[in-house]
Every structure is written in C-alpha cells, then in structure tokens.
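Please keep the sequence and the model open while reading.

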Amino acid sequence: MRKSIFSHALLAACATIIFSCNSGPKETAEGISREDSLKMQVEHGKYLAVYVAQCIDCHSKRDITKFSTPVIPGTEGGGGLTFGKEEGIPGEVTPPNITPFNLKDWTDDEIARAITQGINKKGDTLFPIMPYNNYSRMSKDDIYAIVAYIRTLKSIDSTVPPRKLMVPMSALPPLPQPDLSKNTKPDPTDKVKYGEYMTTAASCGDCHTPMTPEGTPDFKKAFAGGFVFNTPFFKVTVSNITPDSATGIGSWSEDAFVQKFRARAALVKEGKDPGRQNTFMPWGWYGQMKDEDLKAIYAYLRTVPPVTNKLEKWPK
C-alpha cells in the first residue's frame, strides 16, 4: 500500500474538540479523567498516523538502502523525501515538516482541513500525492485523534524545498468538501464495511491501482497493481491484490494474508540490504496493525472485482 501520484500522507493535532481548557471537574461523566481521555486519544491517533494512514512514513526521511525503506530515527515528521518524475509527479513535491516547529501557529481545524480537504493554512491547495480524498472519508474522531498525536511529535527545526510543478493546480481533480460530522466509522463486527474504511484510510488503492496513459488512476482495474516505482537501483512493480486466483491474492487464506504482513515487518527490523527484493511498501508499519484490522482489510479485498493482471516484478 504505497503512493502513486494520487497517494501518500500528511498531518494531525490536539483534542480541544472534546474538552475545553477552562477549569472544571477532573472527571468526565463516565469517570475518566481529562488527562486519561487525552492520553487515549493521542494513543489512538498514533496508531492511525503511524501504522494505518502512514503520516509519519511520508513526512520523515527514509533509508532506501534497507528493506522497505524504513524511517530514519530522529526524523519523524520533520519532512519527507522528494517525489518526482520517477513517482509520476509532473515536477517535484516534498512532504512538509508536520512537527510543532512548522505547525505551532496552526489551529486544530486548520490541520484537519489540510488532512481532509487539501488546503493549508495559507489557503494553498496541496498536491494530491497527499491522499486527502481518502482521509476525507474518515470519521471526525479519527481525524482529530491524528491531529492530537501530531501535536506530540518532537519539534524538528527544518524546512523542505518548495514544490515545482509543470501543471497548474487547477488542472487537478476538484478538492473534497467533507462534512466530517456526517462521516461514520463502521462497527468492526461488519468486517467488509470496516475493512473498506481501513483500506481507504491506509490508501491501499493509491499504489495498487494502475494508471491510465493519461496519468490518472484506472478504476476499472482497482487494486490490480502495475504501477512501477523507479528506485535508485532498479524498477519494481506494485502487486495485484484483487481476489484473482491466478495473478492476485485469490488463493490466499486470511491467515496467510496476516502472516505476510507480520513476516515482512520482521524483515524490516533486521535492517538488512535486500538488494532487488527492496520495496517502497512500508511493511514495518503496516505489519504492526491490529489483527482485526488486517483481517478486515482482507475481507474487503475479497469483495472487489477480481482482475487478471500478470505483472513483471522487476521490469527492465
């Protein structure tokens, strides 16, 4: 689940929507202290921002010499690697610093707007490598939990280069106008609907959906793979994750799907140079998702139309 030109990730901030800062009782109606409630919100936001929505993966420096190009410790949120023509970008775009150094003057609502509408504090439109169309479908509680966690990141004094585009932003798809208060998070007991929610939040389709010759996602082949990443060392093709038995994951069991993530996450921890087996897929983060979330994603992927799409993993 990686990023094409309509992929990737960004930010989040603090929980003032739940508790006001004025004095008052230290216990909520449910008997949970404000401090405990905020801690729970931040922990939930960390899970979403790190392991699901991949905010930290995109907005940090990554070591391309190691398996799954893991985040370099100490750079979390301080600004990411530059995306260019190899990733299908008509120019150059660098994910910005989302630590308090850069967001200290932003309100929670401004950060949430950037995440879900693609509009920054200055009113500028963000390039859609930031998957705000996906995040615009998340619940308000989840978005503001991400915001709460981002507020807790260590402040990093750094800036990124300004973007350089060869097309006007007006030529890109229209911005979403979500009403987050109307967004609902499905009950996890409905594995397919909940799986669709988590698959969207994780932007799986952004990398696993091939592009048309015009450079837009080919939704007739959603999740069928085929996007080619040009690494500094070789080319690698994104996999087909539709339930096609011959070329996708149709023959995989639920357990095999989950164990694939766990095993690949273990490889990331080893920190070895994988050579041609390298990938931009952030296995180290996705591989630490909860069992119920991975199983729900599997359940949803089993419902998408199967697409036969035989791919060459390492095209010349």
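**A charged pair at helix α4**

The side chains of K121 and E110 form a salt bridge, with 2.9 Å between N and O. K121 sits in the loop between α4 (108-117) and α5 (132-135), while E110 belongs to helix α4, so the bridge ties together parts that are 11 residues apart in sequence. The model is a predicted one, and this applies to every value in the text. The two partners can also be described by their surroundings. K121 has a relative accessibility of 34% and therefore counts as partly exposed. E110 is listed among the buried residues of α4.

Of the 10 residues of α4, 8 are buried, so the helix is largely enclosed by the rest of the structure. Besides E110, the buried set includes D108, I111, A112 and A114, together with I115, T116 and Q117. What do these buried residues pack against? Their neighbours are α3 (100-103), α5 and α6 (140-150).

Q117 is a residue of helix α4. Its relative accessibility is 17%, and because the cut-off for buried is under 20%, Q117 counts as buried. Leaving aside residues up to four places away in sequence, Q117 touches A112, Y132, L175, P176, Q177 and P178. Just after α4 comes G118, which takes a positive phi of about 75°.

**Other salt bridges**

How many salt bridges does a search of the whole structure find? The count is 10. In general, side chains of opposite charge can pair when their charged atoms come close. One of the bridges joins the side chains of D57 and R62, at 3.4 Å from N to O. Are D57 and R62 buried or exposed? Both residues are buried.

Another bridge brings together the side chains of R262 and D291, with an N to O distance of 2.4 Å. This pair links distant parts of the chain, 29 residues apart: R262 is in helix α9 (residues 254-270) and D291 in helix α11 (residues 291-301). R262, at 24% relative accessibility, counts as partly exposed. D291 also counts as partly exposed, at 39% relative accessibility.

**The chain as a whole**

The chain contains 11 helices and 4 strands. Its radius of gyration is 19 Å, close to the 20 Å that the globule rule gives for 316 residues, so the chain is as compact as a globular protein of that length. Taken along the principal axes, the box filled by the C-alpha atoms is roughly 65 × 45 × 40 Å.

How much of the chain is buried? Buried residues account for 51% of the 316 residues.

Notes:
Residues are numbered from 1 along each chain as its sequence is written. This is a predicted model: local features need pLDDT of at least 70, side-chain atom pairs count only at pLDDT 80 or more; totals for chains, interfaces and linings use all residues. Side-chain values use heavy atoms; hydrogens and water are left out. A salt bridge is a side-chain nitrogen of Lys or Arg within 4 Å of a carboxyl oxygen of Asp or Glu. Buried means under 20% relative accessible area, exposed over 50%, partly exposed in between (1.4 Å probe, protein chains only). Helices (H or I, at least four residues) and strands (E, at least two) are DSSP runs, numbered from the N terminus. The radius of gyration is taken over C-alpha atoms; the globule rule is 2.2 Å times the number of residues to the power 0.38. Contact means heavy atoms within 4.5 Å.
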